Each structure stands twice: as C-alpha cells, then as structure tokens.
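Here are my notes on the model. Please read them with the structure open.

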Amino acid sequence: MNILTIDIGGTYIRSAIINSKLNILNLIKNKSSNNIIDDIVNHFNNQIKYSKKNNITLENRMGISIGGCIDKLNGTILNVSKQNNKWISQLGDISTKSISSLNLKEELNKNIKNFDIYIDNDGNCAAHSEKYFGNAINCNNFITIVLGTGVGIGVYINGQIIQYAEIGDFIEDKCSGRYFDSFGKKITKEIYINGAKCLGKKISELIQLLNPEKVIFNGPLLNIGNFFINNIKESIIKNTREFFLNKCEIIFSKLENQGLLGAYTLTKF
C-alpha cells in the first residue's frame, strides 16, 4: 500500500506518496507560508488528485514531519524556535515569547476526513529514517543532526527515541541556514568554517554526555562543500576526549528524503 507523507521545514514544505518499496512518488516542493494548516491541506489535496488520476490506492493514514516541540500522542505543536518567524498568527506572538500550543491534528481533521494523522518532530523523523532505512540499522545508541534552515536533533538511547529532546536551538547558534542567510551576499568561507567549528564543539559535548555509537549528519547544509564537512569533523575530534571518540563513528549521511521517510515510519512502526 501507499502512504501520503509531508515534511515541513523552516523554508520549504514537501510532500510525496511512498510505496511499500520506499519509492518516492509525485514529490511536490514549494516554500511554506505563514499558514501551516493551509500549506498541509493544499499538499494533501494535490496528492489526492494525483493518486486518483493515476489509480494509486492510498492507505487512510498520513505522516507529518515538522520542526518544533511536538506532543506526538495528540498531535500538538507545543513550541517553535523563537527565531522562526512563521506561524505567528497560529502560535502566538513570538516576539514576546507568548507562544501557545496548537493542536495540529485537531485542526487538520476539520479539513481532512477519514485519514489517521501521525505527527512528530523533524529531528525524530530523521532519526527514524536512519534507524529503519539508513546508517543506524542495528544501532541502538545514536544521534542525528539535520542541518537546514534550523537544526533538527534526534536521539536514540537503548533502542528508543528520546521524545522532547529539543536541543536544536542550543546547537544552531552559528551553524544554521537561517544564520548563514542573515549575511546575504556578504557570506564568506570563513563564516562557514567558523560555524562548522562551533557546531563540532557542541556536538562533542553531546558525544561526551550521551556516549553514542554513531553521530549522523544530514541536511542541505552538507552541500556547502567538503571544507565545511571536514571542519565539523576536525572540530569534533579536537574537542572530544579519546575515550568517547574511539567508540563513536561520525557519519555524513547521503540518505535522501529523510524527512519524508521518517514521516512514513510514523504510520508503520
């Protein structure tokens, strides 16, 4: 059977139908707006039209990967990064930090009928995708870091995802797409290198705190170049004690569509 999946990032929203062989069908990508409900419903409707036109049978369930602190059990967005300027009208006034929760599942069910909706944090979804389909198969203790507009973190300890491990704000400081974009055309190689070094130092602290078997990086910022990746790794090595470093593998993942694959896992596992 086929599953409808949606991945909502800080800049873009993507959706796809994923079949039982994990093939991505009809990938749709566009910039997200300030109205998260409309964005999701529009993607849902477009994918439904595609499935009907092409005689694709969908299971009546949908997985959604989204940034922020998520209550997975009832589909509520509890909080978003104070630096994220989207969804203000639905989540409250970020400038005064009076951000209210939004039951995303409840709101979506007003427009999307007869579908079970599963929602989780983007860092967790990335970790699930690596656990079931990528670099963490048969690995019970690992961390995923998704480098995009913001920084998503997923943590597996003793084979279990750590829910509410929302430490992306702590990590992203000087190494996120949002930070780099703030320089506009004035961005330099040195700024990227400094960001990579700052990130590596903070990841070394996580390694020494959690003692993972693997740290897996993913996301569009890895496309900045090998110098960026190398500086992240060199900074981790420089700042991590040998005892922990010898037990931990640093991986720069090439797994594609990890957000959509992670959303798929929410409906299956």
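1. Basis. This is a predicted model: local features need pLDDT of at least 70, side-chain atom pairs count only at pLDDT 80 or more, and totals for chains, interfaces and linings use all residues. Residues are numbered from 1 along each chain as its sequence is written, and side-chain values use heavy atoms, with hydrogens and water left out.

2. Main core. The largest nonpolar core holds 28 residues. Such a core is a set of buried Ala, Val, Leu, Ile, Met, Phe, Trp, Tyr and Cys residues joined through side-chain atoms within 4.5 Å. Buried means under 20% relative accessible area, exposed over 50%, partly exposed in between (1.4 Å probe, protein chains only). Those with the most contacts inside the core are Ile145, Leu147, Ile203, Val215, Phe217 and Ile232. At least two core residues come from each of β11 (142–147), β12 (151–157), α7 (189–210), β14 (214–218), α8 (226–239), α9 (242–245) and β15 (249–252). Helix α7 gives the most, with 6 residues. Helices (H or I, at least four residues) and strands (E, at least two) are DSSP runs, numbered from the N terminus.

3. Val215. Beyond its neighbours within four places in sequence, Val215 is in contact (heavy atoms within 4.5 Å) with Ile143, Ile145, Ile203, Ile207, Cys248, Glu249, Ile250 and Ile251. Apart from this core lies another, of 25 residues, among them Ile6, Ile17, Ile70 and Ile117.

4. Asn231. This residue sits in helix α8. Asn231 counts as buried, at 13% relative accessibility. Its side chain reaches the backbone oxygen of Phe227 at 2.7 Å. Not counting residues up to four places away in sequence, Asn231 touches Ile193, Ala196 and Lys197.

5. Cysteines. The count is 0 disulfides, taking a pair of cysteine sulfur atoms within 2.5 Å as the rule. For Cys69, the nearest cysteine sulfur is that of Cys125, 14 Å away. For Cys175, it is that of Cys198, at 8.0 Å. Cys175 is buried, with a relative accessible area of 1%.

6. Salt bridges. The structure holds 4, each a side-chain nitrogen of Lys or Arg within 4 Å of a carboxyl oxygen of Asp or Glu. Asp7 pairs with Arg14 at 3.3 Å. Asp7 is buried at 12%, and Arg14 is buried at 16%.

7. Network. Which residues are linked in a network of salt bridges? They are Glu59, Arg61 and Lys268. Glu59 meets Arg61 at 3.3 Å and Lys268 at 2.9 Å. Lys268, in the segment after α10 (258–266), and Glu59, in strand β4 (residues 58–66), are 209 residues apart.

Key
A polar contact is a pair of N or O atoms within 3.5 Å; within protein, one must be able to donate a hydrogen and the other to accept it, and residues adjacent in sequence count only if both atoms are side-chain atoms.
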